[in-house]
Structures are given as C-alpha cells and as structure tokens.
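This briefing is meant to be read beside the sequence and the coordinates.

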Amino acid sequence: MTGEVDHDEVVAVVRAGYDRIADGFLAAVQSRRAPDPRDEWVPKLLARLPERARILDAGCGAGVPTARDLVEGGHEVVGVDVSPRQIELARAHVPGATFMVGDLSRVELGTAAFDGIVALYSLTHVPRGEYPQLFARFTTALRPGGCFLGAVGRSDSDGFEERDFLGFVGTDGWTNSHDRDTMLAIVGAAGLTVVEHALVDEATPFGPERWLWILAVAGGPSA
Ligand SMILES: C[S@@+](CC[C@H](N)C(=O)[O-])C[C@H]1O[C@@H](n2cnc3c(N)ncnc32)[C@H](O)[C@@H]1O
C-alpha cells in the first residue's frame with residue numbers, strides 16, 4: 001500500500017492481520033506484565049467515573065485484560081473491534097460484556113451514551129486523517145464530564161505496512177501515528193480537555209515500545 005491512504009485497504013489489512021494473530025496475541029498478553037501502565041492509568045479513569053459506569057472499549061481485541069477487568073469492577077462494557085476473530089475470543093473470555101464487530105471510523109457510537117471510553121493500543125491502526133472526526137464522535141458519545149483514556153502512537157508516521165507484524169511470521173499489519181503535540185491538539189480540538197498525558201516506555205510481550213497515554217474529559221476537567 002503506497003501513496004494516499006485508502007480507508008478500506010487499511011481496514012482489510014488490519015482485520016486480516018488481527019484475525020490471523022488473534023489467538024497468538026491473546027496467549028502473549030494473557031500473563032500479566034509488570035509493570036503494566038494500565039495498572040496506573042485505568043484507575044485514573046475510573047476515579048472520574050461513577051460506579052457501574054458504561055464504558056466503550058474501542059479496539060478491544062480479545063477483551064483481555066482491559067474489558068475483563070472493567071467488568072470484574074462492576075462496569076458495563078461495550079467492546080468494538082474490526083476483527084471478527086478478536087470479537088469471538090472476547091465473547092468467550094469476557095461473557096459479562098457486550099461485543100460487536102465494527103470499524104471505529106464507521107460504527108454508530110451514539111450521543112451521551114458512555115461515561116468512559118478506552119482506546120488502548122488500537123488507534124495506530126486507524127488512518128490518522130480520520131482522527132479529528134473520530135475524536136469528535138468520541139466527544140459526542142461521552143456524557144458531559146465523561147472521560148477518555150487512550151494509549152496512542154507518539155511519532156510522526158503517515159502509515160506503513162509491517163511484514164511479520166509483531167513478530168508473527170507471514171502476517172501483515174498497518175500502523176500510523178502523530179507526534180505528541182499534534183495528537184494532543186487533535187484531542188483538544190475535538191472538545192476533550194486533556195487532564196494528564198505522558199510518554200511511557202513499556203516492556204510489552206512484543207518488545208520495548210513507547211506509547212502516549214492520554215486522559216481527557218468531555219466538557220472540561222471539572223465538568
Ligand atoms: C494491539 S490490539 C489492542 C487490543 C486491546 N485494546 C488491548 O489493549 O490489548 C489493536 C486492536 O485494534 C483493533 N482495530 C484496529 N483498527 C480498528 C478499527 N478501525 N476499528 C475497530 N478496531 C480496530 C484490532 O483489530 C486489534 O484487535
């Protein structure tokens with residue numbers, strides 16, 4: 001895939017890639033890593049949400065560990081992922097949540113439908129030209145004072161196909177991202193107030209990576 005980014009082409013590569021690696025990906029992430037930035041950042045989100053909050057897990061994968069932990073915490077979780085195999089695994093592993101196969105750039109998210117939205121390690125696979133519209137839809141989908149938590153890319157990359165994606169031989173992936181300041185500006189322009197952000201170096205099951213974590217509130221930090 002070269003030149004201008006074609007949404008459907010990207011989605012086709014990403015969906016096929018995650019369908020193919022879903023079982024191996026789940027096996028890799030199933031054992032809890034230490035330290036895991038989720039252990040620090042998810043509580044920051046939950047501290048701003050009501051008990052039994054309704055939370056969208058955007059690009060939920062197999063639902064482990066995030067959707068599973070949220071359900072165990074008494075929250076109502078709706079997970080969306082473009083990979084049918086990921087959703088199949090999520091339904092099997094997190095029966096207390098609702099999951100649907102869907103493309104984040106296209107799926108109906110509703111208005112004031114969620115107290116919280118998490119998007120962890122997923123938005124790098126969505127063409128970055130779609131971020132302004134996507135984050136605007138996140139803002140609309142959140143109740144006033146609702147909260148967004150994301151682990152997003154942090155470097156300026158207009159998209160590249162990855163061979164042997166995440167070390168899975170023969171699998172293609174596709175990734176893009178913005179630098180930190182551009183990303184924060186997009187989130188802010190969409191009507192979310194960033195209350196905390198940090199570049200975090202992580203020891204993932206797939207090797208060392210650096211992600212931009214963002215906590216943002218719909219309607220302002222004290223809304
Ligand atoms: C690295 S996995 C992360 C899964 C999970 N959030 C986690 O923290 O383990 C990225 C997920 O994003 C999903 N994804 C990528 N592009 C998507 C899109 N446009 N719409 C919905 N899901 C998407 C992939 O299918 C994949 O399951």
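Where is the place of Thr-171? In this predicted model, Thr-171 sits in the loop between β6 (157-162) and β7, and with a relative accessible area of 2% this residue is buried.

- The side chain of Thr-171 makes a polar contact with the side chain of Arg-20, at 3.1 Å.
- Once its neighbours within four places in sequence are left aside, Thr-171 is in contact with Gly-17, Arg-20, Ile-21, Glu-162, Arg-163, Asp-164 and Phe-165.
- Asp-164, one of these contacts, is also placed in the loop between β6 and β7, where it has a positive phi of about 50° although it is not a glycine.
- At 37% relative accessibility, Asp-164 counts as partly exposed, whereas Thr-171 is buried.

**The ligand and its surroundings**

- There are 19 residues around the ligand, and those that come nearest are Gly-59, Asp-81, Gln-86, Leu-104 and Leu-120.
- By class, this shell is made up of nine nonpolar, seven polar and three charged residues, and helix α1 (residues 7-30) gives the most to it, with three residues.
- From the backbone, an N or O atom of Val-82 lies 3.1 Å from a nitrogen atom of the ligand.
- On its own the ligand has 600 Å² of accessible area, of which the protein covers 96%.

**Residues that touch the ligand's neighbours**

- Thr-66, in helix α3 (residues 66-72), counts as buried at 8% relative accessibility, and beyond its neighbours within four places in sequence it is in contact with Arg-38, Asp-57, Val-118 and Leu-120.
- Val-101 belongs to strand β3 (residues 98-101) and is partly exposed, its relative accessible area being 43%.
- Not counting residues up to four places away in sequence, Val-101 touches Asp-81, Val-82, Pro-84 and Ile-87.
- The C-alpha atoms of Val-101 and Leu-134 are separated by 17 Å, the two residues being 33 residues apart along the chain.

**The buried side of helix α5**

- In helix α5 (residues 131-141), the buried residues are Tyr-131, Leu-134, Phe-135, Phe-138, Thr-139 and Ala-141.
- Because these residues cover an arc of only 165° around the axis, they lie on the same side of α5.
- An α-helix has 3.6 residues a turn, so residues three or four places apart point the same way.
- The elements that cover the buried residues of α5 include β1 (54-58), β4 (114-120), β5 (142-152), β7 (173-177), α6 (180-189) and β8 (192-204).

**Backbone geometry to check**

- Most residues other than glycine have a negative phi, and most peptide bonds are trans.
- The peptide bond from Ala-34 to Pro-35 is cis, with omega near 0°, and Pro-35 is found in the loop between α1 and α2 (37-46).
- A cis peptide bond also runs from Val-64 to Pro-65, with omega near 5°, and Pro-65 has its place in the loop between β1 and α3.
- Arg-52, found in the loop between α2 and β1, has a positive phi near 50° although it is a residue other than glycine, and with a relative accessible area of 64% it is exposed.

Terms used:
Residues numbered from 1 in each chain as written. Predicted model: local features only at pLDDT ≥ 70, side-chain atom pairs only at ≥ 80, totals over all residues. Heavy atoms only, no water. Near = heavy atom within 4 Å. Polar contact = N/O pair within 3.5 Å; in protein donor to acceptor, adjacent residues only side chain to side chain. Areas by Shrake-Rupley, 256 points an atom, 1.4 Å probe, with all protein chains shown as cover. Helix = DSSP H or I, 4+ residues; strand = E, 2+ residues; numbered from the N terminus. Nonpolar A, V, L, I, M, F, W, Y, C, P; charged D, E, K, R; others polar. Buried < 20%, exposed > 50% of the residue type's maximum accessible area, 1.4 Å probe, protein only. Contact = heavy atoms within 4.5 Å. Arc of directions from axis to C-beta.
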